[in-house]
Amino acid sequence: MNGTARSKPAFTGRMFLAIMVAFFGVVVAVNITMARLASGTFGGTVVDNSYVASQKYNGWLAKARAQDQLGWATTVSLDGARRVVITVPGAAFAATGTAHHPLGRADNVPLAFAADAQGRLVSTTPLPAGRWQVRLDVRSGRDVKRLLEVLA
């Protein structure tokens, strides 16, 4: 070979610097994007204090077992007009509740119920379009059944 042949340029410090800046630039850009997306869709905390909630957990389980022993076969659904419908076969029941938007993007909707001709409890106000988390208290005398349903 003669002295005029060209060789590849050596890996220089500037090349290394460019690669590192590009790599960490991508990492930072992805982190910022993900943080903005996460903070924009976070709906809040499940419980305010995890320690206090853990102390009450066994009591909540006992209440759930007592509720299950009532034997109420309760179904919750939406009708065509987007009203919440509760079906509980048996004795006379009353219900109250609240509908929460899962991400907190809409105000809570208080729910009151009235009996219809089939003996079901139907909310007096319809839910707006979308997905809703409905918390209900169904009562018969002193017995109460608490329900949490997601309706869309």
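This passage describes the overall form and selected local features of a predicted protein model. In this predicted model, local features need pLDDT of at least 70 and side-chain atom pairs count only at pLDDT 80 or more, whereas totals for chains, interfaces and linings use all residues. Residues are numbered from 1 along each chain as its sequence is written, and side-chain values use heavy atoms, with hydrogens and water left out.

The protein contains two helices and seven strands, where helices (H or I, at least four residues) and strands (E, at least two) are DSSP runs numbered from the N terminus. Their order along the sequence is α-α-β-β-β-β-β-β-β. The C-alpha trace spans about 105 × 40 × 30 Å along its principal axes.

Buried residues account for 20% of the 152 residues. Buried denotes under 20% relative accessible area, exposed over 50%, and partly exposed the range in between (1.4 Å probe, protein chains only). The accessible surface amounts to about 11,300 Å², and carbon and sulfur atoms contribute 59% of this area; areas were computed by the Shrake-Rupley method with a 1.4 Å probe, and for residues only the protein chains shown count as cover. Of the contacts (heavy atoms within 4.5 Å) between residues at least 6 apart in sequence, 52% join residues at least 24 apart.

Charged side chains comprise 17 positive and 8 negative, and the centres of the two sets are 16 Å apart. Lys and Arg were counted as positive and Asp and Glu as negative, without His or the chain ends; each charge was placed at NZ of Lys, CZ of Arg, CG of Asp or CD of Glu.

Helix H1 covers residues 13-41 and includes Gly13. Gly13 is exposed, at 58% relative accessibility. The C-alpha atoms of Gly13 and Ser50 are 51 Å apart, with a sequence separation of 37 residues.

One aromatic pair is present. The ring centres of Phe23 and Phe24 are 5.0 Å apart and the ring planes lie at 80 degrees, so the pair is edge-to-face. Rings of Phe, Tyr and Trp (its six-membered ring) pair if their centres lie within 6.5 Å, with planes under 30 degrees apart counted as stacked, over 60 as edge-to-face and the rest as tilted. Phe23 is partly exposed at 48% relative accessibility, and Phe24 is partly exposed at 46%.

Arg82 lies in the loop between strand S1 (75-78) and strand S2 (84-87). Although Arg82 is not a glycine, its phi is positive, at about 65 degrees.
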